[in-house]
Amino acid sequence: VDYKIVDPEATKDPETGEFPPGIYKSVYHAIKDAPSKVIVLMPGIYEETILIEDETTLISLRSARDLLEDRGEDLPESSGMPSVIVGENFHTFTILGDATLYDLSIVQRGSGRWFALFCGSGSAKVTLCDFDGSTSSVIGICGGATPIISKSKVHGGKHGCGIYIFQGGKGEIIENEIFDNAMSGIEVCGEDSEPLVRNNRIFSNRGDGVLVTDSAKCSLEDNTIERNFHAGVEARERAQVRAERNGVRHNNFGVVVARQAAATLLDNSLERNWITGVEISRRSREEGAARTELRGNRIAYNLESGVKVWYDGGARVDGNELVANGQPLALTPRSRKRTPLGP
């Protein structure tokens, strides 16, 4: 077989004093002894902090047969219980390579400001994992890392956000549920940071759904962003956001663009937000700076106004459907001059 097994309940053979061949008691020793291999984790709790610098694959027993297909015929039967890795004194997982994590529960319980998953380089693939309870943000991505995080749950960041992308972090965030974090669901920060965020549900975070700041860029496609305490999407400090076909609803603000940031909003549904559907202020005055554009959006049932442009704001508003807002358009006199309106 081309996989190794980790079992927290494994015992040594009384005669040889060794574990059976291919069986390990800790994830650390399995990775050290079998780098770049497939490692199957039996159900149980592993209290470890793990560094991966290669192409190692870690997978729970309950998903191993499906992933390995005919290579996993000799695996023991699964009870359906999870494989849980709990970190305390550092990031639970640090990935600096092209590792794969599949169907794991990854928890951070330390008193320091550690991530449950930290991607510092490489192109990790993370699928069907449950990330819970970090003391800082739950997942951190930086240094040009390009992970693909998909079909996972990211929640419980006690002092930070769900996913923090900073210092040149990139990658793809696809089909996840991101919820119940102390700050934003996703925060993107820094000039070279530029992720793709697609088809996620981002909800019930106590800051923004998605915050893009400090000259970062972010593409948002086909997401549902709802019931976040501040804005569904916020761009500020020269950030640039391109948002297409998202549903942004039941937040205090739908989309906020402020402090020299810019956004291109295309074919989104911005509905039933408590204050404004889109709020734009403090445009950049630099020559050649990106400008905010709203085109083809449905902006409806927002209690104060559909689109509010004020405090030195400006935008191109063209071909949108504005329905049953407190005010369709709220423009201050100076902002009206900088906001060309299409049909």
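This is a predicted model: local features need pLDDT of at least 70, side-chain atom pairs count only at pLDDT 80 or more; totals for chains, interfaces and linings use all residues.
Where along the chain are you? Gly22 is in the loop between β1 (3-6) and β2 (23-24). Lys4 and Gly22 are 18 residues apart along the chain, yet their C-alpha atoms are separated by 5.1 Å. Show Ile5 too: leaving aside residues up to four places away in sequence, Gly22 touches Lys4 and Ile5.

**On to the sheet**

Switch to a cartoon view and look for an open sheet of twelve strands with parallel pairing. To walk across it, follow the order β5-β8-β11-β14-β17-β20-β23-β26-β29-β32-β35-β38. Which strands stand at the edges? They are β5 (50-52) and β38 (329-331); each has a single partner strand, so one side of each has no neighbour in the sheet. As you step from one strand to the next, the twist averages 10 degrees.

For a look at one pairing, select residues 186-189 (β20) and 210-213 (β23), which run parallel and share four bridges. Pick out Ile186 and you'll find its bridge partner in β23, Val210.

**Salt bridges**

How many salt bridges are there in the whole structure? A search finds 20. Here are some to visit.

Select Arg62 and Asp103, whose side chains meet in a salt bridge at 2.9 Å, N to O. This pair links distant parts of the chain, 41 residues apart: Arg62 is in helix α2 (residues 61-68), while Asp103 is in the loop between β9 (100-102) and β10 (105-108).

Next, go to Glu234 and Arg236, a salt bridge with its closest N and O atoms 3.3 Å apart. Glu234 is buried, at 6% relative accessibility, and Arg236 is partly exposed, at 23%.

Then select Arg285 and Asp312, another salt bridge, with 3.0 Å between the closest N and O atoms. Here the partners are 27 residues apart, with Arg285 in the loop between β32 (276-281) and β33 (292-295) and Asp312 in the loop between β35 (305-310) and β36 (315-318). Buried or exposed? Arg285 is exposed, with a relative accessible area of 60%, but Asp312 counts as buried at 14%.

For the last stop, select Asp222, Arg242, Glu244 and Arg245 together: salt bridges that share partners join them into one network.

Definitions and conventions:
Residues are numbered from 1 along each chain as its sequence is written. Side-chain values use heavy atoms; hydrogens and water are left out. Helices (H or I, at least four residues) and strands (E, at least two) are DSSP runs, numbered from the N terminus. Contact means heavy atoms within 4.5 Å. Two strands pair if DSSP finds at least two bridges between them. Axes are lines fitted to C-alpha atoms, for helices over the stretch in contact, and angles run from 0 to 180 degrees between N-to-C directions. A salt bridge is a side-chain nitrogen of Lys or Arg within 4 Å of a carboxyl oxygen of Asp or Glu. Buried means under 20% relative accessible area, exposed over 50%, partly exposed in between (1.4 Å probe, protein chains only).
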